Amino acid sequence: MAQSTRVRGAKPGQGSWWAGLPGIAYLVLLVLAPLVVILIYSFLSRAKLGVGVKWEFTLQPYVDLFYSESLSGARSFDPTYVQIFLNSVIYSLITAVVCLIMAIPIALWIATRSPRWRMLLVFLVTIPFWTSLLIRTYAFVIILNDNGPINEALQGLGIVSAPISMLYTPFATIVGLVYSFLPFMILPIYASAERFDFRLAEAAYDLGATKLTVLRRIVLPAVRPGIIAGFILVFIPALGSFLAPELLGGGKTSMIANVIAAQFGASRNWPFGAALSVMVLVIVMLALVVFVAVARRTARRGSGQSMESLL
Amino acid sequence: MPQEAAPALHVRGVSKSFPTPEGGEVHALDNVSLSVADGSFMVLLGPSGCGKTTLLRCIAGLESPDAGEILLRGERIDGIPVWKRRVNTVFQSYALFPHMTVAQNIAFGLQMDKLPKEEVTHKVQAALSLVRLSDLGARRPNQLSGGQQQRVALARALAKQPEVLLLDEPLSALDLKLRRGMQLELKRLQQETHITFILVTHDQDEAMSMGDEVAVFDSGRIVQVGPPREVYLRPRTRFVADFIGEANILDISVAAGTASAAGIGPIPMDMWSGDAPPLTDAQHFAAVRPEDVTVSPDASGRFTVLDATFIGGDLHAVVDLGTHTLTSRQPAADAAGMCSGDRCEVSFRPGSLRVVEA
């Protein structure tokens with residue numbers, strides 16, 4: 001009994017693999033499985049009535065992405081879907097850039113408050129998450145309406161004589177997207193900025209740098225990880241967003257998610273909808289590769305100046 | 001002599017207060033004036049929270065004083081922004097830019113001066129070799145030791161060839177051995193570059209070994225300025241006597257022309273330092289260094305030894321004076337075999353007692 005017994009079990013701070021099982025099961029069932037289903041469906045034929053698929057291999061859905069057949073059966077290049085993809089990427093990029101420009105000053109301002117204020121302000125940033133995005137997007141229908149408060153105010157002040165049509169335009173879509181995703185840009189940039197040692201800014205001033213130089217060469221490189229994270233967190237969901245283009249863009253400025261929804265709904269072409277979804281996945285992966293490459297390159301170049309080239 | 005040269009920096013009546021969280025005010029600087037000779041090494045010495053760093057930040061332009069003026073070579077600088085002042089700072093935290101290499105850190109300040117590229121490269125090399133880091137220009141700050149980071153911070157500030165270099169507790173993060181080495185290094189750099197150095201420290205040894213002049217701070221005021229030896233030998237206040245070196249502070253009362261120390265008794269006139277201020281009938285404080293006190297074993301003595309420690313060849317003794325204690329440091333041979341509880345007598349070296357302000 002006097003012998004010392006070896007303490008069995010994990011060392012403190014060392015995780016057990018089985019504790020991760022529920023999470024792994026969740027990822028496999030709810031993330032990976034639908035992706036596999038989508039991938040398989042995209043290579044199958046359209047079902048007779050349009051609901052579901054016919055188990056017969058074909059590349060037709062991918063051909064349909066780029067070509068259309070006339071009634072006589074002649075196949076010709078059709079830019080419709082390429083254009084929609086391009087629109088979606090452009091809208092998402094504009095959204096991410098606008099969010100970035102708005103988020104940097106906000107995040108830096110919050111990070112320079114006293115710790116008590118910081119907590120409150122971060123809390124305020126998350127307030128939009130309290131209600132559903134659907135309701136908040138409908139609110140923008142009211143705000144941007146021809147008879148909405150913005151037009152009323154502009155007319156009341158005599159700035160315009162007739163209401164400006166904002167609703168059901170690309171502008172409205174982007175306003176909705178920026179509104180939806182701004183917190184996702186502010187929070188990661190704030191997280192980086194909060195850790196920034198503001199004594200470095202003092203040192204830069206001391207060495208003769210003006211405010212703009214300090215921001216450009218000292219502060220922005222320090223919050224770069226937050227900027228990259230924010231850009232990814234905004235760009236990718238924006239690319240697949242459905243509500244803003246549907247409700248605010250009015251279908252006229254459809255983004256890819258709306259087209260996909262139509263394939264599974266009104267158009268009853270599940271394989272084609274699946275092929276479009278696979279394309280979204282490919283674009284997102286390409287975008288990630290580009291982001292990572294740009295981030296690596298600017299990191300290696302190191303000193304200052306990296307921000308302009310990042311964006 | 002540096003004292004006779006024109007002042008590089010002149011601080012006149014500078015005050016600065018900060019609000020406290022409780023809604024009050026702290027007077028970090030209270031009507032502070034100081035003149036720093038060109039090419040000299042000035043040390044601002046004081047305990048933490050005494051205002052010395054605030055003065056340094058006011059000179060750098062990182063704080064703006066509530067009152068008073070700061071002149072650099074005769075021209076007022078207290079109104080101009082930090083980036084336009086020909087003054088540079090070595091920060092306590094070093095504040096090296098982590099995303100830049102050592103060379104880029106040093107080049108940053110030179111690029112701000114819009115110097116041509118070749119000149120920047122040349123000056124960066126010169127600064128690196130000045131601090132003996134010529135081979136480490138391509139490293140990142142986090143790949144350097146604390147001592148090396150310290151040298152980079154120095155090189156970065158010195159490369160700008162400022163009129164005055166400000167050093168905010170630059171050695172406090174280094175271990176003792178490195179600190180001694182860097183003290184010599186700083187002294188060498190100051191003498192080689194002829195740049196005026198103003199160094200803030202709470203370490204009196206550092207102040208004594210490096211400063212041409214020492215300005216002692218006490219709660220937002222400068223209480224004494226002078227060469228280290230002068231400040232040590234002729235402390236003006238009780239605080240200075242106690243803070244610089246060790247000192248016994250005695251309560252002196254004067255009655256009928258005779259001065260007496262509380263717990264000891266009358267002090268003969270020849271014990272007083274010749275250049276000390278004259279004694280009046282008021283209450284006084286006197287300072288005496290432990291090395292000027294002799295404790296001798298005496299079975300019929302009036303005092304009791306509380307503690308006797310032999311350190312090397314020295315005896316450090318603490319004697320009970322009733323209300324307070326007296327510390328001595330003397331050659332061990334004088335009092336061999338003395339131990340706590342023994343009776344003793346105390347005496348002072350003639351001319352060693354100084355009257356100090358409260």
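**Domain arrangement and a helix pair in chain B**

The centres of domain 1 of chain B and domain 2 of chain B, taken over C-alpha atoms, are separated by 39 Å. The domain assignment, which is of automatic or database origin, places domain 1 at 2-239 and domain 2 at 246-356 of chain B. This is a predicted model, in which local features need pLDDT of at least 70 and side-chain atom pairs count only at pLDDT 80 or more, whereas totals for chains, interfaces and linings use all residues. Residues are numbered from 1 along each chain as its sequence is written, and chains are lettered from A and ligands numbered from 1 in the order in which they are written.

Between the domains of chain B, 4 residues of domain 1 are in contact with 5 residues of domain 2, a contact being a pair of C-beta atoms, placed from the backbone, within 7 Å.

The secondary structure of chain B comprises 8 helices and 20 strands, these being DSSP runs (helices H or I, at least four residues; strands E, at least two) numbered from the N terminus. Helix α2 (residues 102-112) and helix α4 (residues 146-158) of chain B pack with their axes 8 Å apart and at an angle of about 30°, where axes are lines fitted to C-alpha atoms, for helices over the stretch in contact, and angles between N-to-C directions run from 0 to 180 degrees. α2(B) is therefore roughly parallel to α4(B), a term applied to angles under 35 degrees. The contact involves V102(B), N105(B), I106(B) and G109(B) of α2(B), together with V152(B), A155(B) and R156(B) of α4(B).

Terms used: Angles under 35 degrees count as roughly parallel, over 145 as roughly antiparallel, 65 to 115 as roughly perpendicular and the rest as oblique. Two residues are in contact if their C-beta atoms, placed from the backbone, lie within 7 Å.
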